[in-house]
Amino acid sequence: MFEKLIHSSLNNRLMVIVLAALMLVTGAMTLVKMPVDVFPDLNKPTVTLQVEAGGMAPEEVEQLITFPLETSMGGIPGVESIRSVSSVGLSFVYITFDWKTDIYRARQMVGERLSLVREQLPQGVEHVGMGPISSIMGEIMLLALPIDTSKISPMAVREYADFVMRPRLLTLPGVAQVVPIGGEVRQYQVQPDTARMAALGVDLESMADALKASPAIQRRLTPELNSREYLIRNIGRTTRLEDLQRLPGGFPNGLKAISSARWPTYRLHPPSSGVMPG
């Protein structure tokens with residue numbers, strides 16, 4: 001067999017030379033167009049689902065969130081495996097497709113199924129969405145912001161990282177995600193005075209409703225005047241502690257209004273020292 005191949009090649013020298021030249025040109029063109037990456041992605045096309053459910057234990061997250069997501073994603077064409085991780089208030093579902101599946105097509109199919117399963121998730125579940133198109137090989141840099149605690153607080157540094165540094169880094173080409181960690185997250189805590197609330201007949205549900213409605217912006221349109229419509233807004237959004245301290249918590253015994261000086265139902269504290277794990 002080998003001798004026949006040699007004799008046929010010698011008898012057809014011109015054809016062998018032409019085929020060798022074509023292969024050489026094809027290889028050179030492929031080499032020029034071949035993408036070069038320092039950290040090549042060796043993983044199959046994978047779509048990551050991230051769900052936040054504050055206050056839920058891992059068992060509740062697994063039963064109420066992770067299991068419905070895994071069940072709904074199982075029938076998507078091209079899915080090879082589904083893995084999940086359930087922790088305190090967090091659920092991660094990793095959907096792996098075969099090599100032939102386009103990652104954008106896979107994300108589209110997962111998004112369609114995700115819109116259907118949202119109705120099955122419990123109330124209070126927030127930030128249900130897909131992660132960026134990246135892999136664990138894409139983590140290339142860790143940045144630190146050293147501070148002098150005598151001149152600047154960790155809360156100010158975290159706000160700078162969240163609202164200044166992160167948006168700028170996301171505008172760089174090739175950056176898929178920026179995750180700030182550490183520092184102190186600004187938050188306002190309302191600690192009810194249950195003794196005074198019981199004396200005034202105010203329950204926790206009324207206080208929660210008042211706090212939820214306080215930052216709302218109510219708007220309505222007036223009837224047309226001279227062929228024009230005028231927008232009237234009642235801006236109630238505020239970030240000052242004084243405005244939150246004067247917020248009514250309820251109207252017991254049919255009262256329609258009450259002075260803020262006679263309504264000491266809760267205490268407000270300045271921004272807390274909620275330290276995020278670094």
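Visitor: What should I know about the model?
Guide: It is predicted, so local features need pLDDT of at least 70, side-chain atom pairs count only at pLDDT 80 or more, and totals for chains, interfaces and linings use all residues. Residues are numbered from 1 along each chain as its sequence is written, and side-chain values use heavy atoms, with hydrogens and water left out.

Visitor: Why is S91 called buried?
Guide: Buried means under 20% relative accessible area, exposed means over 50%, and partly exposed lies in between (1.4 Å probe, protein chains only). S91 has 1% relative accessibility, so S91 counts as buried.

Visitor: Where is S91 found?
Guide: In strand 3. Strands are DSSP runs of E, at least two residues; helices are runs of H or I, at least four; both are numbered from the N terminus.

Visitor: What does S91 touch?
Guide: Contact means heavy atoms within 4.5 Å. Leaving out residues up to four places away in sequence, S91 touches L49, Q50, V51, V61, I65, T66 and V85.

Visitor: What makes the link between S91 and T66 a polar contact?
Guide: The rule asks for a pair of N or O atoms within 3.5 Å; within protein, one must be able to donate a hydrogen and the other to accept it, and residues adjacent in sequence count only if both atoms are side-chain atoms. The side chains of S91 and T66 are joined at 2.7 Å.

Visitor: What else is there at T66?
Guide: A kink of about 35° in helix 3 (residues 58-73), shortly before the proline P68. The bend is the angle between axes fitted to the seven residues ending there and the seven starting there. T66 is also one of the buried residues of helix 3. What covers those buried residues includes strand 1 (46-52), strand 2 (79-87), strand 3 (90-97) and helix 4 (103-117).

Visitor: How do you know that strand 2 and strand 3 pair?
Guide: Pairing needs at least two DSSP bridges between the strands. Here 8 bridges join strand 2 to strand 3, and they run antiparallel. S86 stands opposite S91. The two strands form a hairpin with 2 residues between them, and G89 in the turn has a positive phi of about 75°.

Visitor: Why is K44 with E80 called a salt bridge?
Guide: A salt bridge is a side-chain nitrogen of Lys or Arg within 4 Å of a carboxyl oxygen of Asp or Glu. For K44 and E80, the closest N and O atoms are 2.6 Å apart. K44 lies in the loop between helix 2 (13-33) and strand 1, and E80 in strand 2, so the pair ties together parts 36 residues apart in sequence. K44, at 28% relative accessibility, counts as partly exposed. So does E80, at 45%.

Visitor: How many salt bridges are counted?
Guide: The count is 3. D162 and R158 meet at 2.9 Å, N to O. Both lie in helix 5 (residues 154-170), 4 residues apart, about one turn of the helix. R158 has 11%, so it is buried, while D162 has 22% and counts as partly exposed. R196 and D193 also form one, at 3.9 Å.

Visitor: What makes a nonpolar core?
Guide: Buried Ala, Val, Leu, Ile, Met, Phe, Trp, Tyr and Cys residues, joined through side-chain atoms within 4.5 Å. The largest has 22 residues; L49, I65, L69, F97 and V110 touch the most other members. Helix 4 gives the largest share of this core, 6 residues.
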